[in-house]
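Work through these exercises with the model open. Each task is followed by a stepwise solution.

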Amino acid sequence: MSDTNLPADLPSNLPADLPRDAGKRLAELKNLFTSDLSVNEFLLIKQAGFHPLGLVMGSSIYHTGIQTRKWSKSQELTKLTEAMYNARELAMTRMEEEAEQLDADGIVGVRLDVNYYEWGNDAAEFIAVGTAVKAENGVSHRNKHGKPFTSDLSGQDFWTLMQTGYVPQGLVMGTCVYHIAHRGLVQTLGSVGQNVELPNFTQALYEARELAMTRMQEEAERLGSTGIVGVRLEEKSHQWGSHTIEFLSIGTAVGDTGGAVTLPQPITVISLDN
Amino acid sequence: MADSGIPGGVPPDDERVQQDQVGQRPGEVSETGYEGDLPPEAAERLSSSAWSSGLSVNDFAACRSMGLRPVALVQGFCVMGWSWYGAGSPYMYRPGYGPAMGGGTGGGFGGLGGRLPGTVGGGFGGPFSGNYQGGGGYGAAGGSGSGAGAYGRSRWGSTISSYNCPHYYAGMDHRSFGENFEQRWVSDVWSQGFNTAFARMIEEAEAAGAHGIVGVVHTVSSLIDRSIREFHVYGTAVAVEGAARPPSIWSTYLAGQRLAKLVEAGFTPVSVVASIASVRVWAVCVTQALMAGGYQTGGWSAPTGEVTQISDAQMQVRRLVRDHVKSQIGADTLHGADLAAAWRDIGEGDYELQAVLRGTRVRRVRPADPLPPPKLTVRLV
Amino acid sequence: MSFPGDDLQPSESIREKVAHMAAGGYLAHTGGRRGATSDLSIDETLVLHSVGWEPVELVCGASSFSIPAGVWLWNQGEITSASYAYAGALARAVASLQGECRAVGGHGIVGVHLEVAVERHLVNAVMVGSAVAPADGSRPSGQPFASDLSGRDFALLHQGGWDPIGLAYGAAFVNAPRRSISVAMRQSSQNVELTNYTEALYAARESAMERMQSMAERLSGQGVVGVRVSEGTVGFARHAIRFAAWGTVIRRSGRPDRLGEPSMVVSLGDESTAFDAASLRGG
C-alpha cells in the first residue's frame with residue numbers, strides 16, 4: 001500500500017467548459033471588482049501591491065462510486081480516494097479557469113467546501129471559492145505552469161509571506177480514504193481489561209496520514225516549490241460510517257524569490273482587552 | 001429574552017443567602033424615594049464583610065485600575081402577572097368576557113370594533129365568534145358605531161395604521177378592515193416589572209454602600225407559568241475608595257476595559273435602559289390572502305408583492321421601542337444598543353410583534369479628545 | 001490591526017474621572033446637543049471619532065414580500081417568484097433604512113445587520129444599523145450609504161482613501177435537478193461527475209453573484225468587499241436551493257491613502273483579540 005501515485009488521468013479529464021453564466025458574469029467585471037476579503041485583508045492586499053479582480057469559484061457535483069470493504073481489513077479505498085481527489089481538482093480547475101478569464105496572477109483566500117444535499121444520494125458538491133488578484137506593477141506572479149497561483153492564506157498571511165521574500169505558488173493537497181479494520185472477537189477479548197496500544201489501529205491511521213501528506217508534497221514538488229506553509233490535516237467520515245475516513249492534507253506551496261529581504265522588526269504590544 | 005451576553009454576568013448565587021436568619025430591613029437606607037421593600041435576606045447578605053462579584057478576572061482587574069472596588073453582587077427581582085385580557089386585568093374590555101379562551105383576545109377586538117365604520121360592522125359578529133370569545137363585542141361595538149368610547153382604545157392600545165379592503169366586498173369571511181395597533185399594556189406591564197426590579201437592585205447597592213453598578217445583566221423569563229413574567233436585574237456594585245456618599249447610583253451593562261474606555265472618551269454612565277414595544281396586526285383581506293400564498297376563500301387572488309401591512313408593522317414596532325427609550329434618555333446618548341424583535345402568531349390573520357431595546361444611557365461630561373486615527377498592523381500571533 | 005483605544009492604559013487621570021463620577025459630578029451636565037442612540041461598541045465609537053465621525057441614531061428598515069402558492073413544487077430551473085420576493089424585500093428594507101437615516105441627518109449607516117427569513121409564503125427582511133455623520137455637522141449630500149461593515153472597517157476604508165457607497169446583493173432560488181431512475185442505476189457504482197447538477201448549481205450561484213455585481217455597477221462602485229455567499233436548502237422545500245451573495249460597494253474617495261506602511265506586531269496576550277461588538281448584542 002505504498003503506492004503514492006496520484007490518480008493517473010488528472011489533467012486529461014478536466015473539462016475546460018465553464019457554464020455560460022460564469023463567462024457572462026466575468027465578462028461584466030471590468031471596472032468593478034468583487035471580493036470576499038474583509039476590509040483589513042483588502043487593504044493589506046493593496047499594500048502588498050496587488051489589486052483584487054473578482055470573486056472566482058468552481059464547483060463540481062460528484063457521485064462517488066461504491067467500493068467493497070473487508071470488515072476486518074485495513075486498506076486504502078482507492079476508488080473513493082480518487083473520487084474525492086478528482087472532484088476537488090475539478091472544482092479548483094474551474095476556479096482557476098475563471099481566474100484566467102480575468103487575466104489574474106493568482107487567487108487568495110481560497111476556501112474548499114463539501115456540501116451534501118438531501119436529494120443527491122451518494123453525490124456531494126465540491127466548491128472552491130477565492131478572490132482573483134493581479135499585481136499592480138504588471139509583473140507576472142503566475143506559477144511554473146503559467147497558471148494563476150492559488151492559496152488559502154488570509155490577506156494578513158499573504159502580506160506577511162510576501163514580506164519574507166516568498167511567493168505562493170499553488171494550493172496543494174493530498175487525500176486518502178482509508179478503511180480501518182474492525183477488531184475481531186478474539187482480538188477484542190484478548191485485550192479486555194488491558195489498556196495497551198492497538199498496533200493495528202496505530203499502523204492504519206499512521207499510514208493513511210502519511211499517504212495524504214506524501215501526495216501533497218508530491219504536488220508541491222511538481223510546482224518546483226521550496227516548501228508548504230499552513231498545512232492543515234483534516235479527517236472526515238463524510239457519509240461512510242465511522243470506520244471509513246478521509247484524511248485530507250492541504251497547504252500553500254511557496255517558492256523563494258531569492259531577492260534580498262529586510263524584515264521589519266515586529267513591535268510587541270500587550271493588549272488589555274479581551 | 002434572556003440577555004446574558006455581557007461578559008462577567010453570572011447567575012446570582014442564591015445559596016449565599018441564609019434563609020433561616022432574619023436580618024434587619026434596610027428600609028432606612030432609602031433616600032431616593034424607593035420603598036425599603038427588600039427581603040430581609042438581602043440585607044443580611046449585603047452586610048457580610050466578604051464581597052461577591054459577577055466580574056471576570058479581566059473586568060475585575062480593569063475596575064481595580066480605575067479605582068473601583070467591588071462591594072457586592074446586587075440584584076433586583078420582580079414577578080408580574082401577564083394575562084392577556086383575563087378577568088381582573090385593567091386591560092379587559094368588558095366584564096363578562098374573560099377569562100378569554102385561546103389567548104383571550106376578546107377585549108382587544110372590542111376596542112377594534114369601535115373603530116369600524118358602522119356600515120360594515122354588523123356583518124362581523126358571526127364569523128369571529130367561533131374563534132374569539134370577544135367576537136360578539138366586535139360586532140356589537142362596530143354596530144353601534146361609537147361603542148369603544150367608554151372602554152377607550154387608549155386603555156389597551158392605539159391604532160398606528162389602518163387598511164381598507166379594495167374589493168368593495170363584504171362577505172362573511174372577508175376581512176374588509178385591518179389595522180396595526182400598539183398594545184400599550186404590554187409595554188406598561190413590562191416597564192413596571194423592569195423598573196421595579198431595577199429599583200430594588202439600586203436599593204441593594206445603596207444598602208451595600210456602593211457608588212455604581214457595573215456589568216449589569218437582565219433577564220425576563222417565564223419559568224413558573226405562562227401568565228407570569230419574572231424580571232431579574234443584577235450586577236456588581238462598586239464603590240470608589242474615599243468618595244462621599246453619592247446623590248444617586250449609576251449603572252451600566254458595561255464592565256472592565258470597555259467602561260474604562262467609555263470614561264476616557266468623556267462619557268459617564270447614567271443607567272441601564274430597557275424598553276419593549278408590542279404591535280398587534282389585525283390583517284386586512286389582502287394581507288391575509290398574501291400570507292396564505294395569494295388566494296382567499298371565494299377564489300379571488302391578490303397580486304404578489306410587498307405585504308405593506310406586515311412591512312409597516314415591522315417598522316412600527318422598532319420605531320416605537322426606540323421612541324420609548326428616547327423618551328427616557330433625554331439629551332443623553334444610548335450606548336451599545338441591542339434591538340431584538342420577535343413575531344408571534346395568535347390566530348388566523350392575527351399577529352403580534354414585540355421588540356426589546358436595551359443599552360446604557362451615557363452622558364457626555366467633557367468634550368471628546370480625538371485619538372490618533374487607525375494604522376494598519378499585522379498581528380503575528 | 002491596531003485601533004485607537006487598544007493600547008489605552010487606565011491612567012491616573014481616570015481615577016480622578018471616576019471619583020468625579022462617583023461624587024455625582026455628571027448630574028451637573030445636560031448631555032450632548034442631541035440624544036444619540038447607537039449599537040456600536042465603545043471601540044467602534046472611538047475609532048469612528050478618530051476619523052471625525054460619530055453615531056447619530058439606531059435606524060432600521062424592514063419589508064415583507066409575499067411568495068405565491070405553488071412556487072415550491074419540484075419543477076425545473078430557477079424559482080423566479082422566490083428570487084423576486086427576496087430581492088424585493090431587501091430593496092424595500094434598504095429604502096426604509098435610508099429613509100430613516102435621512103430623517104435624522106445621517107450620511108450613511110454602518111454595521112447593518114441583515115436578517116432575512118424565508119417562509120413558505122413570505123420573505124421577511126430586517127436591517128438594523130447605526131446612522132453616522134461627520135462630527136463637524138456637515139449636511140449629507142446625496143443618498144445615504146448603507147454598509148454591513150463595522151465602524152472599524154469604515155474608519156479603515158476612510159483612512160485608506162475609500163468610501164462605502166451602498167449594499168449590493170443578489171439571490172437565486174433554484175430547483176435541484178432530478179435524475180431518472182435508469183441513469184441513477186447506471187451511475188450507482190461509478191465515480192462520475194453529475195454534470196447536469198453541477199451546471200444547475202453553478203449557474204444559480206453565478207447568477208446570484210451576477211445580480212450582486214450589476215447592483216454594484218448601478219451604484220457606480222469600483223469594488224465590492226466583504227462579499228459573503230450563503231447557500232443552503234429551504235427548510236420546508238428541500239429540493240429548493242437558495243444562493244445569496246451580498247457585500248459592501250466601495251469607491252475611491254479622492255482623499256489620499258493615509259494608512260501608510262503596515263507594521264508587524266507581536267501580541268503578548270494569550271489569544272488576545274479585540275473586543276467584539278457582537279458580544280454586547282448577546283451574540
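How many residues does the contact take from chain B and from chain C?

**Solution.** The model is predicted: local features need pLDDT of at least 70, side-chain atom pairs count only at pLDDT 80 or more, and totals for chains, interfaces and linings use all residues. Residues are numbered from 1 along each chain as its sequence is written, chains are lettered from A in the order in which they are written, and side-chain values use heavy atoms, with hydrogens and water left out.

Step 1. Apply the contact rule, heavy atoms within 4.5 Å. Chain B gives 74 residues and chain C gives 82.

Step 2. Compute buried area, the accessible area (1.4 Å probe) that two parts lose on being put together, summed over both. Chains B and C bury about 7,000 Å², 62% of it on carbon and sulfur atoms. Lys261(B), Pro374(B) and Leu376(B) lose the most area in chain B, together 11% of what that side buries.

**Exercise 1.** Count the salt bridges between chain B and chain C, and describe one.

**Solution.** Step 1. Use the rule: a side-chain nitrogen of Lys or Arg within 4 Å of a carboxyl oxygen of Asp or Glu. The count is six.

Step 1. Take Lys17(C) and Glu264(B): their closest N and O atoms are 2.9 Å apart.

**Exercise 2.** What is the strand order of the open sheet of four strands?

**Solution.** Step 1. Strands are DSSP runs of E, at least two residues, and helices are runs of H or I, at least four residues, numbered from the N terminus. Two strands pair if DSSP finds at least two bridges between them.

Step 1. The order is β1(A)-β7(C)-β8(C)-β5(C), with mixed pairing. The edge strands are β1(A) and β5(C).

Step 2. β1(A) and β7(C) run parallel over two bridges, with Phe33(A) partnered by Gly223(C). β5(C) and β8(C) run antiparallel, joined by 13 bridges; there Pro164(C) partners Ile250(C).
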